[in-house]
Amino acid sequence: MPDSPTGRVRVFCASSLDGYIAGPGDDLSWLPEGGSDAPAPAGALTYDALMADVGALLMGRRTYDVVRAFPVPWPYGDRPFLCATHRPLDAGAPTSVRAISGPVESLVAAALDAAGGRDVYLDGGDLIRQACDAGLVDELTLTLVPVALGAGIPLFGALRSRFAMRIEGLHLYPGGLAQLRLVPRRA
C-alpha cells in the first residue's frame, strides 16, 4: 500500500474466536507463547514490519497500564506515544509518553501529527471502537487465536453502527492462528 502524506491509522491485535482481545481482568494468558517470535507465513504482517512504518502510537489508558505492568523494558522505544486518559500518568512513565484527552477525532489528529507523515498504531478496545465508529481506521490486522474465552474485553462490542470491512489478506500460521488484513469499506 503506498505511503500517504498523512500516514494511516492501523490496528494490529489478536482476538479470540468469540471476539475478545483480553479475558476477564485483562487476562492475556490465552495468547500463544512467543507472540511475535512465532514464524510468520510469507506475506503476513509481523510486529516488526508494522513498527517499521509507525511514527507514533495512540493507546487507551487501560491498555497502557497493562503494557507498563509487563516485566520487560518499554517496548516502543522513543517513538511518540499518546495515552488517551483523563488521569495523570505514573511518575515513572517513559519520556516519550504524554497524556491526551478529548474526542477521538482530536486524539487521532494529534497522533497523526506526532507521527510526522508515518503511520499511527492504534490500540485499546474502547479507543479502537470509537475510531471505527468515527471512520478513522484505515487498516486492521487481526490475528485470530483458536480459543473461545466466553467473557472479557470485546474488540467490536458496543459499536454504534455497522462497521463493514473487506478482507485484503488471509494468512494461516502453523498451530492454527489466522491473520486477517481488513480494510474498512467506506461509503
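D53 forms a salt bridge with R8, with the closest N and O atoms 3.9 Å apart; a salt bridge is a side-chain nitrogen of Lys or Arg within 4 Å of a carboxyl oxygen of Asp or Glu. D53 lies in helix α1 (residues 47-53) and R8 in the segment before β1, so the pair ties together parts that are 45 residues apart in sequence. Helices (H or I, at least four residues) and strands (E, at least two) are DSSP runs numbered from the N terminus. The model is predicted: local features need pLDDT of at least 70 and side-chain atom pairs count only at pLDDT 80 or more, whereas totals for chains, interfaces and linings use all residues. Residues are numbered from 1 along each chain as its sequence is written, and side-chain values use heavy atoms, with hydrogens and water left out.

R8 is buried, with a relative accessible area of 8%, whereas D53 is partly exposed at 31%. Buried means under 20% relative accessible area, exposed over 50%, and partly exposed in between (1.4 Å probe, protein chains only). The structure holds 15 salt bridges. A network of these links R8, R10, D53, D119, E139, R166, E168 and R181. Within it, E168 pairs with R181, and their closest N and O atoms are 3.9 Å apart. E168 belongs to strand β9 and R181 to strand β10 (residues 178-184), so this pair ties together parts that are 13 residues apart in sequence. E168 is partly exposed, at 38% relative accessibility, and R181 is partly exposed too, with a relative accessible area of 24%.

A further salt bridge joins R129 to D126, again with 3.9 Å between the closest N and O atoms. The two residues are 3 apart in helix α4, a separation of about one helical turn. R129 counts as buried at 12% relative accessibility, and D126 as partly exposed at 47%.

Helix α3 (residues 104-115) has 12 residues and reaches 16 Å from its first C-alpha to its last, close to the 16 Å expected at 1.5 Å a residue; the expected span is 1.5 Å times one less than the number of residues. V104, L107, V108, A111 and A115 are buried in α3. Viewed down the axis of α3, these buried residues fall within an arc of 95°, so they line one face of the helix. The arc is that of the directions from the helix axis to the C-beta atoms. The cover over the buried residues of α3 includes β1 (9-16), β3 (54-60), β4 (81-84), β5 (97-100), β6 (119-123) and α4 (125-133). Just after α3, G116 takes a positive phi of about 60°.

V120 is found in strand β6 and is buried, with a relative accessible area of 1%. Residues up to four places away in sequence aside, V120 touches R8, V9, R10, A56, L58, A111, L112 and A115, where contact means heavy atoms within 4.5 Å. V120 and D53 are 67 residues apart in sequence and 8.4 Å apart in space, C-alpha to C-alpha.

In helix α2 (residues 61-69), the buried residues are R61, T63, Y64 and V67. Down the axis of α2 they fall within an arc of 160°, so they line one face of the helix. Their cover includes β3, β4, β5, β6 and α4.
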